[in-house]
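Welcome to a short tour of what can be computed from a set of coordinates. Have the viewer open and follow along as the residues come up.

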Amino acid sequence: MEIDPFIFRLSIFILSIFIGYYVVWSVTPSLHTPLMSVTNAISSVIIVGAIIAGLAGNSESIFNTSSIFGFLAISLAAINIFGGFLVTQRMLQMYKKKKKDK
Amino acid sequence: MSANLSAIFYLISGILFILALRGLSSPETSRQGNFFGILGMVIAITVTFLSIGNFSSGFIYVLIFLLIGGLIGTFIAYKIPMTAMPELVAGFHSLVGLAAVFVAISAFLNPEAFNLGSPGNIKLGSLIEMSIGAVVGAITFSGSIIAFLKLRGIMSGSPITFRGQHLLNALILISIIVLTYLLCSTQSSNLFWILLAVSFLIGFLLIVPIGGADMPVVISMLNSYSGWAAAGIGFTLENSALIITGALVGSSGAILSYIMCKGMNRSFFNVILGGFGATEQSFSKDNEKKPVKSGNAEDAAFLMKNASSVIIVPGYGMAVAQAQHALREMVDTLKKNDIKVTYAIHPVAGRMPGHMNVLLAEANVPYDEVFELEEINNDFANADVAFVIGANDVTNPVAKTDPQSPIYGMPVLDVEKCKSVLFVKRSLSPGYAGIDNELFYRDNTLMLFADAKKMTEDIIKNL
């Protein structure tokens, strides 16, 4: 009997939960806010679905109901990708070590 | 580009996302981690374009919409003040949720584009996956909107409860399951729209009863939901980058929720069922008769000048008063006088995980002077002065002594063990939990009644 490809995707999913579990526990508490903003940014990789949806229209009708939702989703995800990564970058720039002065 | 090759690239971008989170284990590696995240995103988007390979006129519109979103995002990222991070993150969560809903709608209306069958005859597995993605996405969207409004102060932070609330929520959750089942058996588009509407409604109802200070839990929970929504869509699209990312974000948010609940010694369900802080307002009036020592900036400056070590305990009040820069100035002055200064941060200080750390970092406080509760709690006994600025419940010794108290068992900072405690607060009003802080009436406590920023500035003048 053949294994349904769904099982392979499920395996990836469950193993990734475990990876996430161990990786996130190792995040230092002082960086929990950047953690939230960067997870925000990466979960916007949902944009790949939006792009497929947006490009699904044929050349006669680029805009149909389905592709319009795709285009809107592209914009929403893009706000998150740019906003999320840049604001994370901005925060991380501020975390500095004690300067050895005196 | 062949489907197999693009699948491998999606896997690579998934791995880069894991490295992005891994980088956050220390501030030194974090910037590199963020770079990995950006790289992973660029790969995922490029591969998607190449795998479609259809550079027809639609392509230019994709770029236009991408650019519009990108510009808005960039603008927000540079304009947003650090004190507004909690609402920004809540706002971003709502966008992920809505994007997931839109992609699911798109896939439902035009399943051919995603190889999922034809309208009215979508593959059963795909239909279940996209329903889950759409439902969780819709809950994330409406829940985050409420969280955003509460954090922004547009909506009152106090919990909104009514009779039969839990019963109503339970009925709606059951109806979501029934609707999903019917949708899968009939493939009716009307049911799909109803399912979405009901999901939006439940997201709204779930967050409304949760109060302002529980926002750290809510915001982490919505973070988690946005991940599960992305994973649901990932299954529909058979895309490993999305599945990996969804699982990472989902578990990340779940762990943060757990840490926040533990910081308050409350169970997750206790927080989610809401209404905390609405019941305990009836603290007895005789407390007001108890003697309280209050002082001014001069007294505070005198105490600190003669101390050899000072521990700062910041809380949400510091964020509200935007006092972090003034605070850092005060600490600089103290350090010039060879006084050792450290910062103690409670896990649930502020309105989101790590909120205080970011504000202190913004004010150029080096991160190696900032300590978490477990690291620093023993140091209070040896310190001369604890400077509590904008925190309240997280310092209340009642959590250790009175089993009747609603916050009993919550881990608290042992500030009362310091030789003297300076408490910057606007009035004697109880904190969020609605209980009186025993610390106010201790002999070694000096209350400084003022706005946090103004008081800090006055102290600097007197140092």
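Leaving out neighbours up to four places away in sequence, Met260(B) is in contact with Pro216(B), Val217(B), Ser220(B), Pro347(B), Val348(B) and Pro353(B), where contact means heavy atoms within 4.5 Å. Met260(B) sits in helix α9 (residues 240–264) of chain B; helices here are DSSP runs of H or I with at least four residues, strands are runs of E with at least two, and both are numbered from the N terminus. With a relative accessible area of 1%, Met260(B) is buried. Buried means under 20% relative accessible area, exposed over 50%, and partly exposed in between, using a 1.4 Å probe and protein chains only. Met260(B) and Ala349(B) are 89 residues apart in sequence, yet their C-alpha atoms are 9.8 Å apart in space.

## Ground rules

This is a predicted model, in which local features need pLDDT of at least 70 and side-chain atom pairs count only at pLDDT 80 or more, while totals for chains, interfaces and linings use all residues. Residues are numbered from 1 along each chain as its sequence is written, chains are lettered from A and ligands numbered from 1 in the order in which they are written, and side-chain values use heavy atoms, with hydrogens and water left out.

## Chain B as a whole

Chain B has 17 helices and 8 strands. Its C-alpha trace spans about 75 × 50 × 30 Å along the principal axes. Of the 463 residues of chain B, 58% count as buried. Among the contacts in chain B with a separation of 6 or more, 77% come from residues 24 or more positions apart.

## Nonpolar cores

In soluble globular proteins, nonpolar side chains tend to be buried together. A nonpolar core is taken here as a set of buried Ala, Val, Leu, Ile, Met, Phe, Trp, Tyr and Cys residues joined through side-chain atoms within 4.5 Å. The largest one has 154 residues, and those with the most contacts inside it are Ile312(B), Phe387(B) and Ile459(B). Helix α4 (residues 85–109) of chain B gives the most to this core, with 16 residues. Apart from this core lies another, of 32 residues, including Met260(B), Ile311(B), Cys418(B) and Tyr441(B).

Beyond four places in sequence, Ile312(B) touches Leu327(B), Met330(B), Val331(B), Val341(B), Thr342(B), Tyr343(B), Ala344(B), Phe387(B) and Ile389(B).

Strands pair if DSSP finds at least two bridges between them. β3(B) pairs in the parallel sense with strand β4 (residues 340–345) of chain B over 4 bridges, and Ile311(B) stands opposite Thr342(B) in β4(B). Strand β6 (residues 385–389) of chain B also runs parallel to β3(B), joined by 5 bridges; there, Ile389(B) is the bridge partner of Pro314(B).

Ile146(B) lies in helix α5 (residues 124–152) of chain B and counts as buried at 4% relative accessibility. Beyond four places in sequence, Ile146(B) touches Met155(B), Phe204(B), Ile207(B) and Val208(B). Between Ile146(B) and Ile207(B) there are 61 residues of sequence separation and 6.5 Å in space, C-alpha to C-alpha.

Ser224(B), in helix α8 (residues 215–237) of chain B, is buried too, with a relative accessible area of 6%. Not counting residues up to four places away in sequence, Ser224(B) touches Val249(B), Gly250(B), Gly253(B) and Ala254(B).

## Helix α14

In α14(B), 7 of the 8 residues are buried, so the helix is largely enclosed by the rest of the structure. The buried residues are His355(B), Met356(B), Asn357(B), Val358(B), Leu359(B), Leu360(B) and Ala361(B). After α14(B) comes Asn364(B), whose phi is positive, near 65 degrees.
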